[in-house]
Amino acid sequence: MKKKTLLAGIAAISSASLLAGCANVGDGKANDGEFPNKDIQLIVPWQPGGSGDLSARTVASSLEKELGVNIVVENKPGANGSIGYNWLADQDPDGYKLSVLGMEVATLQYMDYDVNPDDYTYIGQLLEGPGAIAVKADSPYKTLQDLIDAAKEKPGAITYSSPGVGSVWDNPAQGFQELAGIELKNVPFDGSAPAIQAAAAGDVDFSIDAAGSQKANVDGGKMRYLAVLSEERLETLPDVPTMKELGIDLQNSSFTGIMGPKGMDEEVVKKLSNALEKAVEDPEYKKVIEGANLVPVSRNSEDFTKYINEQAEIHGKWIDLAKAK
């Protein structure tokens, strides 16, 4: 198959708008006394079971060692993450209320969700999760080409599950359709865990999600990988080809980081960002994350803010493709 590349021309997102809300300086102050001096609440805006939930619970233990206080993790799922994100935006910017985040925090604004990326302070990144396409173990689609051929024979009949329309995994599915010249049907779920389970049960034809989130079902013999969405083959999955190898020049990784409300004190952000960088280097954190086919990645507050901005441009383009259908 002839290789193709994504069309140039990415939907614009205002750098100034995104960066303005991500500044590390604000009016919010921590409680009296040296920060932190009490428990920190870390919410997960998705269902338990996905890579974001895993990373939050794993890094919390490492952060506790760095900060000397308890990190209390709580799931607040729903509406593509917007319930948790909106909750955080309404909290005091004192550093004691934080959330893990994914790309949705910057892209939900394009889908009429009341989530504004200006409402947060971005503290740092935890990991990247290279994507993969996986099918039920006994699926008739043995290769990616089998799947593409079936989609060409039956436009709109082949289904895939995603963690919601416009999510970090629905978006590259739009790129897949464009590059392969096929039409697929999205079946959205409220989070990665139920979306993957639907594919494992055969309720949809395939799952497009983080390889690490699909891993338990693959290891359990319920699913098979067809391809990964990384630039090169993953060390942990050496026998699984990349999309690029198979003629579809498409890469996509989820990412997980930590943020707080807009207006956090500069020194509080610096302390949290430094602690997070050390936590990501913790051997115990790395062991768990790498064992789940995820990649520990550390970016400080400034670098992470810039990265979110860049990725938002790419996903904005994919969202435009979905809206055009």
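**Notebook: pockets of a predicted model**

I began with the second largest pocket: 14 residues line it, and Gly49, Gly212, Ser213, Lys215 and Ala216 lie nearest its centre. I took a pocket, on a 1 Å grid over the protein atoms alone, as an open set of points where a 1.4 Å probe fits, with protein on both sides within 12 Å along at least five of seven lines; lining residues have an atom within 4 Å of a point.

This is a predicted model, in which local features need pLDDT of at least 70 and side-chain atom pairs count only at pLDDT 80 or more, while totals for chains, interfaces and linings use all residues. Residues are numbered from 1 along each chain as its sequence is written, and side-chain values use heavy atoms, without hydrogens and water.

I noted about 180 Å³ for the second largest pocket, a volume being the space filled by probe spheres set on the points, which are joined across faces, edges and corners. I found that α8 (211-219) is among the elements supplying at least two lining residues, with α2 (51-67) and α7 (192-200); α8 gives the largest share, 5 residues. Helices (H or I, at least four residues) and strands (E, at least two) are DSSP runs, numbered from the N terminus.

I then turned to the largest pocket, with a volume of about 480 Å³. Its lining has 24 residues, and Glu128, Pro130, Ser230, Ser253 and Val295 are the closest to its centre. β4 (120-136), β10 (295-299) and α11 (301-323) each supply at least two lining residues, and α11 provides the largest share, 4 residues.
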